[in-house]
Each structure stands twice: as C-alpha cells, then as structure tokens.
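Me: I'd like a close look at one part of this model, the place where the two chains come together. Take me through it in plain words.

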Amino acid sequence: MSIQTAVLTARRSITVERRHVLAGLLVFLGLIDALVFGYLASKGDAVFTFTLTGAKVNVPNLVLAPGPVDEGLGALSVLLGIVYATFDLARVPRRLIAATCLVGFVVSFLVWSDAGRIPLPFVSLLATTMSSSIPLMLGALAGCLCERSGVINVAIEGQLLLGAFGAAVVASAFGNLWLGLITGALCGGLIALLLGAFAIRYRVDQIVLGIVLNVFASGLTGYLYDAALVPYENRLNSPQTFNPIKIPLLGDIPILGPVLFDSTVFLYITYIVIALVQVGLFSTRWGLRVRAVGEHPEAADTVGINVLATRWRNVILGGLVAGIGGAYLTIGSVGSFGKDMSSGQGFIALAAMIFGRWTPLGAVGAALLFGFTTAVANVLGTLGAPIPSDILLMLPYVATIVAVAGLVGRGRPPKADGQPYVKA
Amino acid sequence: MSEAIRADVRADVSAPGGGATRGDGTGAGSGSDDGRPVAKAILDAVLEGNSVVVTVLAIFSAVVVGGLLIAFTDPPVLHAWGQLFSNPGNAFVQAWDAASGAYSAMFESAIINPHAVAAAFHGGSVTAVFNPLSETAVNATPLILAGLSVALAFRAGLFNIGAAGQFIGGAMIAGWIGFAVNLPVVIHVVVAVIGGFVGGAIVGWFVGFLKARTGAHEVIVTIMLNYVMEFLILYLLGLTVFRQKGRPDPISPPVAGNATLPHLFGSVLRVNAGFLVALAAAAAVWWLLERTTIGFQLRTVGSNSKAARSAGMSPESTWIVVMLIAGGLAGLAGSAVVQGTDFVLTPQIYGTYGFDAITVALLGRAKPGGTVLASLLFGALHAGGIGMQAQTQIPVDIVTVLQSLIVLFVAAPPLMREVFRLRSTRAAGQLEARGWSG
C-alpha cells in the first residue's frame, strides 16, 4: 500500500474507540426516544399542521400517536447504533446514520412534547427558524471570512449590535429602508475597521481585542440610545420594517414555499452571501489565496500574495456581512433599536462557525440547528410542553462544548488563525 | 548609558505606587551610580513609553475621546454648534462645559464632593463626605475578585472569558446557603462565602478539566458556559426552591441577616467586608504567584508550556488547578454581590462583571496589585457614572465607552507611541498574540 492510499484510508475511517463512543451515543438517544419520550408521553395524539392560512395547496395534518412512533424511532436508532459499532462504514453512510438518528430524536421529542396538546404549527416553526437564523448565519459567515484569512473575529456580537443601531437610526431618520440596510452593513464594517487596525496593524491579541470591541459597541450604542434615541424616539428610532416578499411559483410550494421563499429581503441576501462565500472560498483564485494566507502566510507571501492586504479585505468584508445581520435585528424584524438587543447572538454565531469547523456550509448548518433549537424552545413555551424552555435554550451552547471537546468530530482552525503577520 | 539602570528605573516606575523614590542607598533624586541624574533616566523612561506611561496616556486619551462624545451629543452643545458662525465662541464654551461638567460630576460622586465637605463643616453629616469613596469601594469589590480570576488565568497562559458563568455559580451557591440554610452568626456568612468560592471553582474546574483532557479551547468553552449558567440560574429561579414566595418574577428570597457581609463603617456607608475579602484575595494571589511552587509552575506554563513540560512540570494539571482557583475567585465576586449589595438572586445578577473583569485584568497587566488599582479606577468610574447621570442626565453608558477605550489603547502601545510621538522601543508589556491553537 502506498503512503498516499494509507493516508486516504486513515482519513476516511475513524478509530475503533471513537466509533464505539459515537455508536453508544446513538443507542443512548434511541433509548431516550423509546423509554422516556415513548412511555412518559401524555395521553392523546400529537398533531403537526403543515398548512398556513391562505395557502393554495392544503397539506393534511399529521397525527402521530406517541407510543408507537417514539418506540419505533427508538428501536431504529438502537439498531443503527449497533450497525455503526459493528461495521467499519465509509464516511457517507456514517453521516446518514447519524443524521437519521438525530432527526428521529427531534421528531420523537416533538411528538412527546405535543402529545395531547394543541396542534404544533410545523411550517411556521420552520419559517421562524429560518428568519431567526439570519443574523446567526450572516454572523457565522462573517466569522468564516475573517478566520479563513487568519484573523480571529470575536467581535461579531459588536458588529451585529452596531449594525442594528445604525440601520434603525438611518432607516428612521431618512425613511428609507435600503439606506438603513447599507448603513447597517457599514456600521459592521466600522467595527471591522477597528478590528483590522488593532489586529493587523498594531498586532494586539485578537481574542482580547474582540471582547473589548464588543464592550465598546455595547457602551457606544447604549450611550447614544439614552442620549439621542430616547429623547427623539419618533425621529430617530421608529423605522419601518421590510415586508416579506413571496417569490412567485416557488413560494406556493407546499411546506417548502412558506419556509424558504416567503420572507424578507434579508433571507434572500443570506442565500446569496452563503453561495458567494462558499464558492468564493473554495472554487476561486481569491479563495485559494485567502486560505493560503490563513494557513501559512509566510508561504503565501513568498509566492507574491499580499498577506496584510488580503487580511484587511476579508476583515472588512466580514464586518459588512455581519452588519447586514445586525440590520436584520431592527429593520428586518422588530423595527426599533433596544439596548444590547443582539443579546449574545454574535457569540452563538461564533459557536456556529466553530461547530461548522470553519467552513461556510458547516457554519450555516450549525446556525440553522441553533436557530431551530431556539424556535422550538419558544414554541414549546407557548404549548406548555413538559420540558422547561431554559433547558432547551442551553442546548446550542452545550452542543458547542461537546463539539470542541472532540466528542463529535473535532474541527481544526486555520493554522495561522490569530497570529499577526510580520513580514520577515 | 547603563542599560541596567534604565531597566531599573523602568521597573521602579512600573511598580504600583513605586514612583521615583528608590531605597537602594544612592539617595533619592541625587543621582545614580554612573552619575546620570535620575531625573534624566525618568525622562528617558517617559519618552520611551514604558507601561505606566502608556497606561496614563491611554486613560488620558480615553477621557479626551469620551469628552468629545459627550460634547457632540449634548443637545445644548449641538444647538450651539448650529450657531457656530453667528456666535463662534459659544459652541466651544458649551462643549467644554458639557464635558467638564460630566467629568466633575463623576469625580464628585466617586472621590469627594466639595459641597458635602462644606456641609460637614457646618454641622452636616460627616459620613456623607466619605460616601463617594465608599461607593467606589463597593463597585470595585466584585471587579477586584473577578479581575483576579482573569489575571491569574492569564499568567498561566489561559484566557478566562468565563468569569460571568463562574460568578453565577458562586452567587447561586452563596445565595442558596444565605437564604435556605440556618446557621449561627459568624459561621453563616463564612460558610456562604466559602460556598461562593466552591460554586465558581466547580465551573472553573470543568473548563480546566476539559482543556487538560481533550484540548478544548478554554475561550470557546468559557463563552459557552457563560450562557449555560445564565439559563441555569433562570431555570433555577423558576423552581419553588429558589423562588421568593408571592413573587411572580424570577427572584430568590433575601439572604438571611446572618449571611450578609457586615458593613465596615456604620450602616449608612455601603462599603462592607467584601472589600476586605477582595484585598485579602489579591494578597493571596500575589503570594501564590510569587512565593509558591504552584505559582512558579503556573508562570512557567504560562510563558512556555513546552519548556515547562521539558522541565518536568505538567501543564495539564496546572491548567486544572489554575482554572479551579480562578473560578473560585470569580465565584467570590458573586458571593460579594449577593451577600454584600444585592441580597437576592436575580437572572441578571452577573451584570457586566464578566467582561469588566477582563478589562480590569488587562489594564492591571495581569498582576494582583495592578488589578486592584485598575478595579479601583473602574469602580470609581462606575460609582461616578451613576452620580453623573443623576446630576447631568448624561447616560451612564459613557463609562462603558471609557472603559473599553482605555483597554483598547493600553493593549496597543505602538498606537500610543505614534499618537504622542514617543521614541520607539521594545514592546512595553504588550500582550503576545495567540491563536485558537495557542
């Protein structure tokens, strides 16, 4: 066997020990499905509705009895776990199995929580997930842009906050939402400018810097809020919000339409940014250079890539993207600005980026997962479900700790991430 | 020119409160060994921008920027700028008045208020004279403790962003012991304070343990744990065990009188024994760092963990011990708040202490003495900010802006040297940048 194939096989399979740990996890999930959710469910069926009022196509409600459904899903999960442990599977079946068990767990959890209660509006749950994930997705993509070029961005929170502030004020003062959107992006870029100046030029520790910039953004917006937005609320802090745009034809598809194609312009911008960042980073010359700068700046410099300029460009781009995410918080959703309204979403975005192993698609997937958890927690709160929403809301953070501890596949940051570059 | 002396002076100036008085027998101010005047050496130190000079310049710059922010958002000042051409002097006078008024109100509420002094001479209350200082100490207490937590971890090369989560852990246990347990007078308060330490230490230990066993980056774990702890306290305050009877909102019963930290100077001034706990903790951290084997290992691991390992030390066990103690210190901050000033647990009890602690530790250059001084400064800013808002209607958030600007400027000595045209020299106490993998 040549060295190359040895490396390839080593990359594809995982150690026996880890395989058993993961299989154990799947079996454990299955047992919870069957024993906890299956047996302890209240009497009565769980009803999921799939049709929003006014939809053209009527999808029938799904009525599930908690007992058989949860026990069936549990049994499936246990079975798949045993398969996982016994055979040395390739990567794709491994992932499929893990995904099936995870989805099964979520479904049996929802069936358990909804059993005997009012119907669960599944489509609006997913639609809420999409819209509330917008700042998370954009923040995580901003993180990817910065960190792939070797600059750690802990200041996403501050970029969201200042973006939200700028968007609300300008949209309100000039009565123009698009102007607000642009200002939001520029405000995110402003924090990025500070991040770049101190990280790239003055070579300050980037984690310290990110934290301090968050405090700065919180103080600045808090001060201006009290000094200007409260006394002149009508003029400076009563923006309109973007209306949802339903895309013709696509928006009428049952279930998918209202979730994916009937939202504000922010969701469509997010789609575009996802595509641009993914394709840009991995299929263009620009992306190759960015990744080279993030992994090995000396080598990149040797072949003539301007390391500092590349980093500057990416930091600013990231700031603009996060700023748009911030603008969503005001003019995309609630309208007026409130103190510290980003409320830790920048840190969830950071977590999503790490959870997604510094890749745009992974980061977006993680952001959606986190958004879904939050949406479920909120819906279940209104249903009076048997689990406290505070515990559910903890999940994204616990998941991230589990991920960085290497239990479920450890990511590797770009090699030169956080290291200032000094030309030799 | 002897480099040794220059370094000596620099060390002297950077020692807290050290100043230029040296007790090494050459006599203060008369001159040094090679005949070079000490004054010249000090001047050199200033021009080269050592760490104390950079700190002073950073505070000065932040005050200037903050003053401009106040001057350009104050409505009367903005009105005066509008009439710049008809009455040019007025705009500058108004701007100066707004900024200086804000800062003097801050000073009066944080250090000493001349009106209160004058009143005291005319038979007014004497305690009122000391009230600003008491408020400064009260505000500084949790900052010192949480700041020490961050500083200690820093010295071991760890970045503890989890002071907020550890604070909650400490506050939860100290508070619970305070309101749910019945103990005799002195014992109750001591047990609750120890409980605070333990609560924070558990959270901190978990971080160190994960890093040692799996290599999980402490920055990510601590950020995530902050949120986990925020939701945990929210959840617990929803349970009947932690809920105050007859209150619909999440708030705990008040801690028993036996468990509160006693006031130091009568019941009017809020300064309490928590301040002494904080000072004692600073002394203990100094002793730990400078005079013990653990401290030596800790600093060695912090400056180069590979070298420490070659020398037979275990970075892993050092990380666990450091995070345990650091978590405990932040937990003490939680106990100081719940037993000293707030007396109840609320979901927002952690306030902004987590991030304030980082700014304090950075400004104090991760040294116990420096952290105490930085905490007193920020404590004074907080106390002063509240008084300023009451007097001048300028929002207290300006304090947060000042705080972040000071730290931002301190973290970038090259920037201060550029702005103030100082001679460039070796980086004076600049933090070495690390990445996720560092």
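How much area is buried between chain A and chain B, and what share of it do carbon and sulfur atoms give?

Reply: Keep in mind that this is a predicted model. About 4400 Å² is buried between chain A and chain B, and carbon and sulfur atoms give 78% of that. The size of an interface is often given this way, as the accessible area lost when the parts come together. In terms of residues, 50 from chain A are in contact with 51 from chain B.

Now the polar side of the contact. Between the two chains there are two salt bridges, and five residue pairs are in polar contact, with both partners at pLDDT 80 or more. On the chain A side, four helices each supply at least two residues: α7 (177-201), α8 (206-229), α15 (345-355) and α17 (389-404). The one that gives the most is α8(A), with 15 residues. Sorted by type, the chain A residues that touch chain B come to 34 nonpolar, six polar and ten charged.

Over all chains, the structure holds nine salt bridges.

Nine of its eleven residues are buried, so α15(B) is largely enclosed by the rest of the structure. Among those buried residues are B:Asp356, B:Thr359 and B:Leu363. What do they pack against? The buried residues of α15(B) have α8 of chain A on their list of partners, along with α3 (51-71), α7 (127-155), α8 (163-180), α16 (368-392) and α17 (398-411) of chain B. So α8(A), which gives the most residues to the chain A side of the contact, turns up here too, because the buried residues of α15(B) pack against it. After α15(B) comes B:Arg365, which has a positive phi, near 50°.

B:Arg270 pairs with B:Glu135, the closest N and O atoms being 2.8 Å apart. B:Arg270 sits in the loop between α10 (218-236) and α11 (273-291) of chain B, while B:Glu135 is in helix α7 of chain B, 135 residues away. B:Glu135 counts as buried, at 17% relative accessibility, whereas B:Arg270 is partly exposed at 34%. The other pair is B:Glu290 with B:Arg155, 3.8 Å from N to O. B:Glu290 belongs to helix α11 of chain B and B:Arg155 to helix α7 of chain B, so this bridge ties together parts 135 residues apart in sequence. B:Glu290 is partly exposed, with a relative accessible area of 30%.

As for chain A as a whole, its secondary structure comes to 17 helices and five strands. Of its 424 residues, 53% count as buried. Chain A exposes about 18000 Å², with carbon and sulfur atoms supplying 68%.

How values were computed: Residues numbered from 1 in each chain as written. Chains lettered and ligands numbered in written order. Predicted model: local features only at pLDDT ≥ 70, side-chain atom pairs only at ≥ 80, totals over all residues. Heavy atoms only, no water. Buried < 20%, exposed > 50% of the residue type's maximum accessible area, 1.4 Å probe, protein only. Areas by Shrake-Rupley, 256 points an atom, 1.4 Å probe, with all protein chains shown as cover. Contact = heavy atoms within 4.5 Å. Buried area = accessible area lost by both parts, 1.4 Å probe. Salt bridge = Lys/Arg side-chain N within 4 Å of Asp/Glu carboxyl O. Polar contact = N/O pair within 3.5 Å; in protein donor to acceptor, adjacent residues only side chain to side chain. Nonpolar A, V, L, I, M, F, W, Y, C, P; charged D, E, K, R; others polar.
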